[in-house]
Amino acid sequence: MTIALALEQLLNGIQLGVMLFLMAAGLTLIFGVMGLINLAHGSLYMVGAFACAAVAAWTGSFWIGLVASLVAAAAAGAIVELAVIRRLYDRDHLDQVLATFALILMFSEGTRWLFGSFPLYLDIPPLLQGAVALPGGTEYPVYRLAIIAAGALVAFGLYMLISRTRLGMRIRAGESDREMIGALGVDIRTLYTVVFALGAALAGFAGAMVGAIQSVQVGMGEPVLILAFVVIVIGGIGSIKGALLGALLVGVTDTMGRFLLPKLMVLFVPPAQAGAIGGAVASMLIYIVMAIILAVKPRGLFPPAHA
Amino acid sequence: MILTRENLINLILAAALLAIPLIANAAGQPFYITLATRVAILALAATGLNLALGVGGLVSFGHAAFFGIGGYVAGILASHSFSGEPVLFGLSGTNQMWIIWLVAMALAGVVGLAIGAISLRTSGVYFIMITLAFAQMVYYFAVSWPAYGGEDGLSILVRNQFPGVMTMVPMNFFLICYVILLVGIALFAVIRASRFGAALQAARQNEVRVATVGIQPYRIRLTGFVLSAMITGLAGALFADLNRFVSPSMLSWHMSGELIVLIILGGTGRLFGPLAGAALYVAFEYALGGITERWQFFLGLILLLVVLFARGGLVGLLAGKAKHG
């Protein structure tokens with residue numbers, strides 16, 4: 001094991017973490033403002049990836065595809081909010097889970113209907129192809145570094161949006177007292193739609209970015225959705241800061257666990273079994289971390305103060 | 001038993017589930033027997049979940065873990081019985097159903113105790129997501145553990161044995177499942193009507209009051225959760241024997257979602273809600289699957305409409321609102 005390899009895995013972990021943050025930020029924002037648990041968030045991620053892949057294939061430009069992914073995911077989010085989600089704010093979490101579970105079935109099957117069962121492929125744009133040398137002699141793809149940069153930029157933008165703009169002020173107000181801001185004359189229904197579309201756009205953006213390094217297929221959003229749930233549970237549901245730290249923690253733990261545990265197991269068991277045991281434990285590692293964190297802090301690392 | 005409208009509907013449901021395979025058997029249509037067996041097993045699994053979700057108000061999104069654990073117990077014990085190799089510590093496998101059932105319930109109960117002990121420290125959305133996460137943990141373990149087929153799953157070559165019954169005959173296996181379902185539903189009714197059941201319902205309705213009269217809600221809920229896991233685990237063992245196959249898909253979060261769907265379709269907390277829901281679900285799956293390849297889309301649409309507009313489920317629709325006890 002070399003330091004360079006470990007550095008490469010660490011970067012992969014951060015890249016996964018950044019993508020998870022884009023998903024988790026939307027989920028946690030929607031929960032924080034509207035009190036809604038949205039299982040269909042993974043479907044919006046998928047919508048973004050498919051929109052990007054389809055438009056990129058049609059126009060030949062990844063960048064137009066990326067814009068299309070934002071537009072498509074935000075539009076899908078707004079439509080779903082207006083048609084379905086809006087009726088669920090006053091319901092209990094069980095109804096929300098079921099209705100959004102139903103939406104997943106419809107999104108997945110609908111996408112399969114439109115695009116067929118075969119995965120689509122999305123090429124990395126020429127600007128971001130190639131690799132850079134890491135200290136230690138290995139090379140790292142530029143595109144993955146670009147994902148990290150884009151994610152960091154979005155995180156910063158989101159922070160500015162929420163802390164410095166009028167919309168952000170309303171979002172924060174909605175989190176602390178939704179009846180009061182309604183009484184103060186803010187159109188709360190429109191605000192909800194905007195927040196939902198914003199969360200959807202973040203998910204769609206993440207889907208499009210990841211689409212270029214994985215295949216774009218139906219069901220791609222579900223593993224990410226569940227990891228994003230783990231992230232927001234660890235971070236404290238409703239907390240953007242918790243989502244960011246939780247996402248990096250989950251991303252790095254998962255990647256490094258898969259990398260290190262099989263090597264670590266060699267010290268204790270015969271090499272033939274070490275890979276299998278190490279791999280099996282590594283695949284459960286983030287859930288074990290989550291269980292430990294929750295055993296100590298049942299409301300996550302950064303529980304919102306008012307909840 | 002007072003003959004209320006709900007009880008009458010329950011009787012009709014139970015009779016219909018028995019009548020359909022009998023008729024199918026007489027008509028030489030074994031496919032419908034398999035379908036009815038599927039209904040009975042899914043109803044049993046959902047009855048288990050109904051104890052946690054309907055009675056205790058614990059929205060577990062991870063019951064597939066227990067369902068799958070039951071399934072894997074059946075698969076693993078049967079494969080060891082076939083190969084003759086010991087499972088653990090020199091204990092051999094078995095192809096005797098009743099031993100498999102006991103092991104499945106015990107293991108599901110132990111895992112349920114571990115998952116419940118941590119998850120029940122939280123509530124609301126946290127509980128939903130944590131149970132989901134733990135089920136995923138079990139799922140990924142099954143996928144990445146190569147000894148029992150990993151992602152490909154594990155076949156059961158010959159259906160496990162029950163003393164004095166030819167289990168390979170579809171009708172016989174259906175009757176086994178049917179009897180177990182009725183026992184499971186009866187057990188559910190007994191538990192719900194007991195002092196423990198009253199405490200579990202009270203913990204759902206008003207946690208603070210339960211605590212003030214000196215009952216710890218945490219312990220009551222944990223007990224309910226473990227019992228619920230055991231029933232669902234038993235159903236999982238039967239499901240593996242029905243398909244003679246077990247794979248990680250039994251552990252997937254779609255399965256957890258489906259189990260909740262069964263309860264909601266039938267009517268939350270209702271005695272026969274899971275059976276009504278399972279019958280409806282399998283009927284949808286079969287009927288829609290016959291009409292269109294895209295049946296999942298329409299299933300989603302129907303489910304969405306039920307959640308938005310018909311919250312009492314099928315039993316609620318037919319029998320009117322539940323009386324609160």
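I count two residues as in contact if their C-beta atoms, placed from the backbone, lie within 7 Å. Helices (H or I, at least four residues) and strands (E, at least two) are taken as DSSP runs, numbered from the N terminus.

The model is predicted; local features need pLDDT of at least 70, side-chain atom pairs count only at pLDDT 80 or more, and totals for chains, interfaces and linings use all residues. Residues are numbered from 1 along each chain as its sequence is written, with chains lettered from A and ligands numbered from 1 in the order in which they are written.

**Entry 1: helix α7 of chain B**

I looked up what covers the buried residues of α7(B), and the cover includes α2 (30–55), α6 (170–193), α8 (207–212) and α9 (217–243) of chain B. A residue is called buried if 20 or more other C-beta atoms lie within 10 Å of its own, exposed if 12 or fewer, and partly exposed in between. In α7(B), residues 195–205, the buried ones are B:Gly197, B:Ala199, B:Leu200, B:Gln201, B:Ala203 and B:Arg204.

**Entry 2: chain A as a whole**

I find eleven helices and two strands in chain A. Their order along the sequence is α-α-α-α-β-β-α-α-α-α-α-α-α. The radius of gyration of chain A, taken over C-alpha atoms, is 20 Å, close to the 19 Å from the globule rule for 307 residues, so chain A is as compact as a globular protein of that length. The rule is 2.2 Å times the number of residues to the power 0.38. The C-alpha trace of chain A spans about 65 × 50 × 35 Å along its principal axes. Of its 307 residues, 50% count as buried. I also checked contacts in chain A between residues at least 6 apart in sequence: 76% of them join residues at least 24 apart.

**Entry 3: the UniProt record**

The unreviewed UniProt entry places "transmembrane region" at several stretches of chain A, among them 66–85 and 142–162. UniProt positions are in the numbering used here, feature names are shortened, and annotations may be inferred rather than shown by experiment. I looked up these two stretches in the model. Residues 66–85 of chain A are 90% helix and 0% strand, with the end C-alpha atoms 26 Å apart. Residues 142–162 of chain A are 100% helix and 0% strand, and their end C-alpha atoms are 30 Å apart.

A:Ala146 lies in helix α5 (residues 142–164) of chain A. I find A:Ala146 partly exposed, with 17 other C-beta atoms within 10 Å. A:Ala146 and A:Met209 are 63 residues apart in sequence, and their C-alpha atoms are 9.4 Å apart.

**Entry 4: where chains A and B meet**

How many residues of chain A are in contact with chain B? I get 34 residues of chain A in contact with 36 residues of chain B. On the chain A side, α4 (93–115), α9 (221–235) and α11 (271–296) are the elements that give two or more residues. α4(A) gives the most, with 14 residues. The chain A side divides into 27 nonpolar, four polar and three charged residues. Here Ala, Val, Leu, Ile, Met, Phe, Trp, Tyr, Cys and Pro count as nonpolar, Asp, Glu, Lys and Arg as charged, and the others, Gly among them, as polar.

**Entry 5: the nonpolar core**

A nonpolar core is a set of buried Ala, Val, Leu, Ile, Met, Phe, Trp, Tyr and Cys residues joined through C-beta atoms within 7 Å. The largest has 215 residues, and A:Val230 and B:Ala133 have the most contacts inside it. Leaving aside neighbours within four places in sequence, A:Val230 is in contact with A:Val250, A:Ile286, A:Tyr287, A:Met290 and B:Ala133.

**Entry 6: A:Gly246**

A:Gly246 is found in helix α10 (residues 240–265) of chain A. Is A:Gly246 buried or exposed? A:Gly246 is buried, with 29 other C-beta atoms within 10 Å. Not counting residues up to four places away in sequence, A:Gly246 touches A:Ala24, A:Val231, A:Ile232, A:Ile234, A:Gly235 and A:Leu301.

**Entry 7: B:Arg244**

I noted a positive phi, near 50 degrees, at B:Arg244, a residue other than glycine. Most residues other than glycine have a negative phi. B:Arg244 sits in the loop between α9 and β4 (245–246) of chain B. B:Arg244 is partly exposed, with 16 other C-beta atoms within 10 Å.
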